[in-house]
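Please have the sequence and the model open side by side.

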Amino acid sequence: MELIYHIMDTLLPFSWTEYTFMKNALLAVLLMTPLFGLLSTMVVSSRMAFFSDSLGHGAFTGIAVGALVGIVSPLTALIIFSIAFALLITYIKHRTAASADTVIGVFSSTAIAVGLMVMSRGGGFSKFSPLLIGDILSITPSDLAGLLAVDLLVVLVWAVLFNHLLLLSVNPSLAHSRGISVVRIEAAFAALLAVVVAVSIQWVGILIINALLVLPGAAARNAARSVKEYHLIAILTALVAGIVGLFSAYYLGIAAGAAIVAAAALIFFLSLALRTRVQR
C-alpha cells in the first residue's frame with residue numbers, strides 16, 4: 001500500500017493527499033463505482049430497479065439477524081442473508097401468479113420491518129444507524145483488498161453470463177426458446193447483485209445504494225447508440241460521479257455517499273436534457 005500511496009502523492013498534487021483515509025476512499029471509489037456502473041446497465045435494461053432496492057432492505061435485515069444469532073463478522077451475515085434473500089425472491093417470483101413487483105414489495109417491506117424490530121430490540125438501533133448513510137471515509141486497506149476480490153468476481157461472472165443476460169433483458173421468451181434457463185440466469189445475476197450490495201452498503205448507505213444501481217445505467221441509456229457505448233458510458237458516469245462526489249464531500253463537509261449520488265443524478269439530468277434537445 002505504501003507504494004500506491006506514494007504514487008498518489010506524486011500524481012495528485014492536492015492538499016487532501018496527506019490524509020490516508022482520503023487516499024483509501026479514492027481507491028475505494030475507483031474500485032467500487034465501475035461495478036455499479038456495469039451492473040446498472042442490466043438493472044435498467046431488465047427493469048430491476050425495484051428489485052435492487054429490495055436488496056438494500058434485505059441486507060439491513062441480514063445485519064440484524066447476524067447480530068441476533070451472534071455471527072462475529074457483520075459482513076459474513078450481510079453476504080449470506082443478502083444472497084439467500086435475492087435467491088428466494090427470484091424463486092418465488094417464478095413460482096407464483098402474483099406480479100413481480102408485488103412479490104418484491106412483500107419481501108422488501110417484510111425485510112425492513114423484521115430488521116427494524118430486531119435492531120430496535122432493547123434500544124440498540126443507534127449503533128446500526130450509520131449504515132443508513134454509510135461512511136466511505138472509514139474504509140481500510142483490508143476492505144480495499146475485499147473490494148478488489150469482488151471486482152474480479154464480477155468481471156468473471158459477467159464474462160460468462162453476459163450474452164445470456166443481454167438476451168434475457170431484451171426478450172425473456174426468446175431466451176427461453178433458445179434453451180437458456182431463465183430462472184438460473186436471473187438467480188445468478190441476483191446473487192451477484194446481492195454480493196456487491198452487501199460488500200458496499202456499509203460505505204455507501206442503505207438509503208442511497210439503489211441510486212447507484214440505477215442512475216449510471218439510466219444516464220447511459222439517454223446517450224448511448226450501441227450496447228458497447230451503453231456499458232462504457234454507464235461505467236464512466238459512475239466513475240466520474242464517484243470522484244466528483246468524494247471531492248465535493250471533502251471540500252464541502254457533506255456525506256460522501258449522498259454527494260456521489262447527487263453527482264450521478266446531475267449527470268443523468270444533463271443526459272436527459274441533451275437527449276430531449278437532440279430529438280427536437
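In which sense, left-handed or right-handed, does α2 pass α9? The crossing of α2 with α9 is left-handed; a crossing gets that name if the near helix is turned anticlockwise from the far one by less than a right angle, and is right-handed if clockwise.

A word on the basis first: this is a predicted model, in which local features need pLDDT of at least 70 and side-chain atom pairs count only at pLDDT 80 or more, while totals for chains, interfaces and linings use all residues. Residues are numbered from 1 along each chain as its sequence is written, and side-chain values use heavy atoms, leaving out hydrogens and water. Helices are DSSP runs (H or I, at least four residues), numbered from the N terminus.

**Two helix pairs**

Two packed helices are described by the angle between their axes and the distance between the axes. Axes are lines fitted to C-alpha atoms over the stretch in contact, and angles run from 0 to 180 degrees between N-to-C directions.

| Pair | Residues | Angle | Axis distance |
|---|---|---|---|
| α2 and α9 | 20–45 and 182–204 | about 140 degrees | 11 Å |
| α11 and α12 | 215–223 and 227–252 | about 135 degrees | 8 Å |

α11 is oblique to α12, and α2 and α9 are likewise oblique to each other. Angles under 35 degrees count as roughly parallel, over 145 as roughly antiparallel, 65 to 115 as roughly perpendicular and the rest as oblique.

Where α2 meets α9, Met32, Phe36, Leu39, Met42 and Val43 face a set from α9 that includes Phe189, Leu192 and Trp203 (contact means heavy atoms within 4.5 Å). By class, this contact holds 11 nonpolar residues, 1 polar and no charged ones. Here Ala, Val, Leu, Ile, Met, Phe, Trp, Tyr, Cys and Pro count as nonpolar, Asp, Glu, Lys and Arg as charged, and the others, Gly among them, as polar.

The crossing of α11 and α12 is right-handed. Among the α11 residues in this contact are Pro216, Gly217 and Arg221, and among those of α12 are Glu229, Tyr230 and Ile233. The contact has 8 nonpolar, 2 polar and 2 charged residues.

**Two single residues**

Lys93 belongs to helix α4 (residues 74–93) and is partly exposed because its relative accessibility is 26%. Buried means under 20% relative accessible area, exposed over 50%, and partly exposed in between (1.4 Å probe, protein chains only). Leaving aside residues up to four places away in sequence, Lys93 touches Ala100, Val103 and Glu186. Lys93 and Val103 are 10 residues apart in sequence, with 6.2 Å between their C-alpha atoms.

Asn210 sits in helix α10 (residues 209–212) and is buried, at 15% relative accessible area.

Notes. Helices (H or I, at least four residues) and strands (E, at least two) are DSSP runs, numbered from the N terminus.
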